[in-house]
Amino acid sequence: MKNFKIGAAALALLSAGSVWAAGRDYISIVGSSTVYPFSTVVAERFGKSTTFKTPKIESTGTGGGMKLFCKGVGVDTPDVTNASRRIKASELEMCQNNGVKDVVEVLIGFDGIVMANDIKSHEFALTRKDIFLALAKQIPTDKSGELIENPYTQWNEVNPELPAIKIEVLGPPPTSGTRDAFVELAMEGGCKKFDWIKDLKKTDKSAYKSLCHTIREDGAYIEAGENDNLIIQKLQKNPNALGIFGFSFLDQNADLVKAATVDSATPEFESIATGKYPVSRPLYFYVKKAHVSQIPGMAEFLKEFTSKKAMGDEGYLTDKGLIPLDEEKFKQVGKDSKELNPMSL
């Protein structure tokens, strides 16, 4: 038995070393298409200003990135995953079950989710209730507790003050963190404007979530992939359509698209930072602590991304549309990333 224990220990040590045997001399990043532009800017600056290689970044969507990130540790798995929502408990559990024991969470700032259309097209002043009624699979009738399949085909049927044009919304697929945040903040925000549905949350949380979060599948909502730039291109070809994407893409394409107001708030830097704009969310990236000592440049890349010059209130990422953290939160994030403090939910 003693010899077996020694053999098992040696085998475990050999196995741990073998995951790094092949080596990799660059940082591998996957995840959110919303965080992708910010991550890319940092990576490019990092590659130019240091002796390390420029990190390779793949836009897979938040959900897709989590699956790749949580597969395990070693050079055949990503070091970092970007996320336009916080990691789910089920995803963190998946990580831990696959040997990714210490995950470092880095909150980088905030972003608004916008609904926008071609700059020459109609003006849209939406409420979250309008958004829910236009895009939900089922909607309530005037009778409490009664639901019907969504019958609306035009925006003015949802609200007579809206344009008399076809409901056609280009948005991200279910693997996207933007989609997750949109259904939670915009769809559910409008869904609970109905009192009996709001009360349903107390008695049947599952039914409440299903009702508020399920998007119709009859062509009114069109899954346009993870590439937000592609959605903007499609809006040029279809000026009557609305697209869903992050504020940073609106900011970078202000000459091509314009945003709808939501509950009378315009998605702007200040309205998102102060919380006045109701459809806003935090942005993150997640790091494998085990990779920091093994992949060249990991610690240095973390330092660059969380620096004042990058994600500070006047950092270069604000030029790309990132809404920065307040001073207290900024300092805490910097401390946690420097010390590689593992997260917990």
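What pLDDT does the protein average, and what share of the residues score at least 70? This is a predicted model, and its average pLDDT is 92, with 94% of the residues scoring at least 70.

The stretches to set aside can be named at the start. Over residues 1-6 the pLDDT stays under 50, and the model gives these residues zero contacts beyond four places in sequence. Residues 8-16 also have a pLDDT below 50, and this stretch has zero contacts in the model beyond near neighbours in sequence. Where pLDDT is low, predicted coordinates should not be read in detail.

Strand β3, residues 80-83, pairs with β13 in the antiparallel sense over four bridges. In this part of the structure, T81 stands opposite Y286 of β13. Strand β4, residues 103-118, also pairs with β13 in the antiparallel sense, here over nine bridges. P282 in β13 is the bridge partner of F110. As a general point, the side chains of a regular strand alternate between the two faces of the sheet.

Is V103 buried or exposed? Its relative accessible area is 2%, and a residue counts as buried under 20%, so V103 is buried. Setting aside neighbours within four places in sequence, V103 is in contact with F69, L92, C95, Y286, V287, N341, P342 and M343. Among these contacts is Y286, the residue of β13 that T81 stands opposite. As for N227, 124 residues away along the chain, its C-alpha atom is separated from that of V103 by 27 Å.

The last stop is a pair of helices, α8 (residues 195-203) and α9 (residues 205-213). Their axes come within 6 Å and cross at roughly 140°. Angles over 145 degrees would count as roughly antiparallel and 65 to 115 as roughly perpendicular, so α8 is oblique to α9. On the α8 side, the contact is made by W196, I197, K198, L200, K201 and T203. On the α9 side, K205, A207, Y208, L211 and C212 take part. What kinds of residue make up the contact of α8 with α9? They divide into seven nonpolar, one polar and three charged.

Definitions and conventions
Residues numbered from 1 in each chain as written. Predicted model: local features only at pLDDT ≥ 70, side-chain atom pairs only at ≥ 80, totals over all residues. Heavy atoms only, no water. Axes fitted to C-alpha atoms, helices over the stretch in contact; angles between N-to-C directions. Helix = DSSP H or I, 4+ residues; strand = E, 2+ residues; numbered from the N terminus. Parallel < 35°, antiparallel > 145°, perpendicular 65-115°, else oblique. Contact = heavy atoms within 4.5 Å. Nonpolar A, V, L, I, M, F, W, Y, C, P; charged D, E, K, R; others polar. Pairing = 2+ DSSP bridges. Buried < 20%, exposed > 50% of the residue type's maximum accessible area, 1.4 Å probe, protein only. pLDDT = per-residue confidence, 0-100.
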